[in-house]
Amino acid sequence: FSSMANVKGGTRPPWVGLGAAVWVQIASGNAYNFPLYSHSLKSVLGFNQQQLTILGVANDIGENVGLLPGYFCNKFPPWAVLLIGGLACFSGYGVVYLAVSRTVEPLPYWSLWLALCIAANSTTWFSTAILVTNMRNFPVSRGTVTGILKGYGGLSAAVFTEIYSVLLRHSSSKLLAFLSIGIPLLCFALMYFVRACTPASGEDASERCHFLFIQAACIVLGFYLLTTTILDDVLSLTPPISFGFIIIMILLLMAPLAIPVKMTLFRSRTNKSETSNQSATSSVGSINENVDEKTEPLLTRISSATHVGSVRDSDGPSEIELLLAEGEGAVKKKRRPKRGEDFKFFEALVKADFWLLFLVYFVGVGTGVTVLNNLAQIGIAQGAHDTTILLSHFSFGNFVGRLGGGIVSEHFVRSKTMPRTVWMTWTQVFMIAIYLLFASAIDGTLYAATALLGICYGVQFSIMVPTVSELFGLKHFGIFYNFMSLGNPTGAFLFSGLLAGYIYDKEAAKQHGLMLLKSSVSCLGPNCFRVTFLVLAGVCSFGVILSIILTIRIKPVYVMLYSGGSFRLPNSSSH
């Protein structure tokens, strides 16, 4: 790839890039802030619930439609992709800020819809750049890297909530100003460090320790954010204490950078082992090169293994001559890639496993994002007027699901060759029960159900990403990943925009004795979303069936890739 032309060597740059990617991943969660300022869109601009949910769909479309970033990441370096994302963030949120702060005259509804779409689309540019780059920098630990980055992404809503509560004093206009200026500046400052590096050839003890350290730091940050958010809501904290919480949060976010600092301070030991490994590798490579020059077989090993059966079965001279020519390199026989190798986009589109994975992911995230987009209204309808705590519960659960999904699936895929999609199956089974719990509206279950749904929602992300790369390769991973991400806005449009918003406004009109659905009145009681939750439970039942079918189909692929207890790069995969 042209973006891989300047590959940074050494053992430290990948860890520096991963530490910088953590901050960019937090920034890429800017689309999760929609529930924090959505009430201002409704009150200041006078939108009804269905209009608001359609704006939420615009937010989801922008957040997940990333085919263009997926294409660009193979053509341009990561910094260029991050630059485009920063410009989209600045322009999109800037327009929304001007509207909410009434700096300009009220803008047309379609212009706000487009601005939100552009603003949230920065997420795809940010996440594609860091995810593709780091998975290529750590190709044998892709599940772990995905879990870490997606885990921090799950915490981003809690980070923004902390900033919104403490620094911005619950001001929607200040939050939008921060998103339009602060996020682009952060990404511009870090984009140099997110770069392609020489990938590790295999796992060692130090690499596993480094990953464990980052995972532990991520968990500590998650519990810290949950605790401080609750304390800030329950207690009347003084400004110095609140600002102290922010400083500690920033230090915890910087924890992954301790690894390259440690590698710098203890450079002698690292360089010694690295030099010995490089010399051993180079000597082995030169020996193999000499042997290959002296005893080059007429047929390559792959060709002979593949075609030996046909040679025995057929004595025709034309077949043998063709095979000999192929072995000498005069003829190259084209074949379709097998699962686990590098697919082109259109080659993957004709595979049943590709569409099964898309549909399973669509069910998991499409139903989950419906609850997320309507979380404020769900809370108010069930008597929880402080939606900040509700969002923090969902965000913490989302973080646990993303990080835990990566860790647990990585353990079982290496020890039991268990397909990662098993965990999508189980979480969607739990989602059925959670949606039924929401529909029942039992007192005292709202916060627990929200946190559990966040966990199940987060698992969908951390399982889909490595599964796509394992089935269809890393070469065009950016496009595959962003195509799968279309399941999120598709579900938001169907379940949130068309279903939830319509039922909510209809029930609100019924409660207030109105004949039209165009008023901006609120709906109270469990009936506001009961039908929606029952439909979501039924959709998840369909997803469970599809997930079981997919898991059975791809089991042989995981046996092939992980039969030795660790990931084996296929012959066609490359950095």
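User: Is Gly-454 buried or exposed?
Analyst: The model is predicted, local features need pLDDT of at least 70, side-chain atom pairs count only at pLDDT 80 or more, and totals for chains, interfaces and linings use all residues. Residues are numbered from 1 along each chain as its sequence is written, and side-chain values use heavy atoms, with hydrogens and water left out. Buried means under 20% relative accessible area, exposed over 50%, partly exposed in between (1.4 Å probe, protein chains only). Because its relative accessibility is 0%, Gly-454 counts as buried.

User: Which residues is Gly-454 in contact with, leaving aside its neighbours within four places in sequence?
Analyst: Contact means heavy atoms within 4.5 Å. With neighbours within four places in sequence set aside, the contacts of Gly-454 are Phe-394, Gly-397 and Asn-398.

User: How far apart in space are Gly-454 and Gly-154, C-alpha to C-alpha?
Analyst: In sequence, 300 residues separate Gly-454 and Gly-154. In space, C-alpha to C-alpha, the distance between Gly-454 and Gly-154 is 9.0 Å.

User: Which helix holds Gly-454?
Analyst: Helices (H or I, at least four residues) are DSSP runs, numbered from the N terminus. The run of residues 446-472 includes Gly-454 and is helix H20.

User: Which helix gives the most to the lining of the largest cavity?
Analyst: On a 1 Å grid over the protein atoms alone, a cavity is a set of points where a 1.4 Å probe fits but cannot get out, and lining residues have an atom within 4 Å of a point. Helices H3, H6, H7 and H21 each supply at least two residues of this lining. With 3 residues, the helix that gives the most is H6.
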